[in-house]
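Hello,

Here is the structure I promised to pass on. Please have a look at it first, and then read my notes below.

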Amino acid sequence: MLFLTSKLLAAAGVPHGFSLRTGGVSLFPYDSLNLGTSTGDEPKAVEENLRRLREAAKLQGEIATVNQVHGDRVVDQDLRELLPATGQQAEGADALIS
């Protein structure tokens, strides 16, 4: 299992998923399903982890990501800040919408 879903969000028709750390190819200390490109992990391992997540979620195309900072910033898929709406690229965020 590479991700979890919420019964409440699914019942409301919201496409979503919460990735886990299992099922990937990254080695210690990034094991296993590291999806971050700024951690020092091998880029090929992150690429394979993203491929596995796309396949498990039956997604087509690329997965949009952000540099997670555990804050309150929300960005859209091309990384323009929505809160506040400045139009500048976000340095980090805790949520991504599309």
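In which loop is Lys58 found? Lys58 sits in the loop between H2 and strand S3 (74–76), where helices (H or I, at least four residues) and strands (E, at least two) are DSSP runs, numbered from the N terminus.

Before the rest, a word on the model. It is a predicted model, in which local features need pLDDT of at least 70 and side-chain atom pairs count only at pLDDT 80 or more, while totals for chains, interfaces and linings use all residues. Residues are numbered from 1 along each chain as its sequence is written, and side-chain values use heavy atoms, with hydrogens and water left out.

Backbone first. Most residues other than glycine have a negative phi, and most peptide bonds are trans. Lys58 has a positive phi of about 55 degrees although it is not a glycine. Lys58 is also exposed, with a relative accessible area of 75% (buried means under 20% relative accessible area, exposed over 50%, partly exposed in between, with a 1.4 Å probe and protein chains only). His70, not a glycine either, has a positive phi of about 55 degrees; His70 is found in the loop between H2 and S3 and is exposed at 65% relative accessible area.

There are cis peptide bonds to look at as well. One joins Phe28 and Pro29, with omega about 5 degrees, and Pro29 has its place in the loop between S2 and helix H2 (43–56). Another joins Asp31 and Ser32, with omega about 5 degrees; Ser32 lies in the loop between S2 and H2.

Leaving aside neighbours within four places in sequence, Asn34 is in contact (heavy atoms within 4.5 Å) with Arg21, Ser26, Thr39, Asp41, Val46 and Asn49.

Now for the charged side chains. The structure holds three salt bridges, each being a side-chain nitrogen of Lys or Arg within 4 Å of a carboxyl oxygen of Asp or Glu. Glu48 meets Arg51 at 2.7 Å, N to O, and these two lie three residues apart in helix H2, about one turn of the helix. Glu48 also meets Arg52 at 2.9 Å, N to O. The remaining pair is Glu55 with Arg51, whose closest N and O atoms are 2.9 Å apart. Because Glu55 and Arg51 are four residues apart in helix H2, they are separated by about one helical turn. Salt bridges that share partners join Glu48, Arg51, Arg52 and Glu55 into one network. Within it, Glu55 counts as exposed at 56% relative accessibility, whereas Glu48 is partly exposed at 22%.

Lastly, the surface. Met1, Leu4, Leu9, Val14 and Phe18 form a nonpolar patch with about 470 Å² of accessible area together. Patches are made of residues with over 30% relative accessible area and no salt bridge, with like charges joined within 9 Å and nonpolar side chains (Val, Leu, Ile, Met, Phe, Trp, Tyr) within 5 Å; accessible areas come from the Shrake-Rupley method with a 1.4 Å probe, and for residues only the protein chains shown count as cover. Val14, one of the patch residues, lies in the loop between helix H1 (7–11) and strand S2 (18–19) and is partly exposed at 37% relative accessibility.
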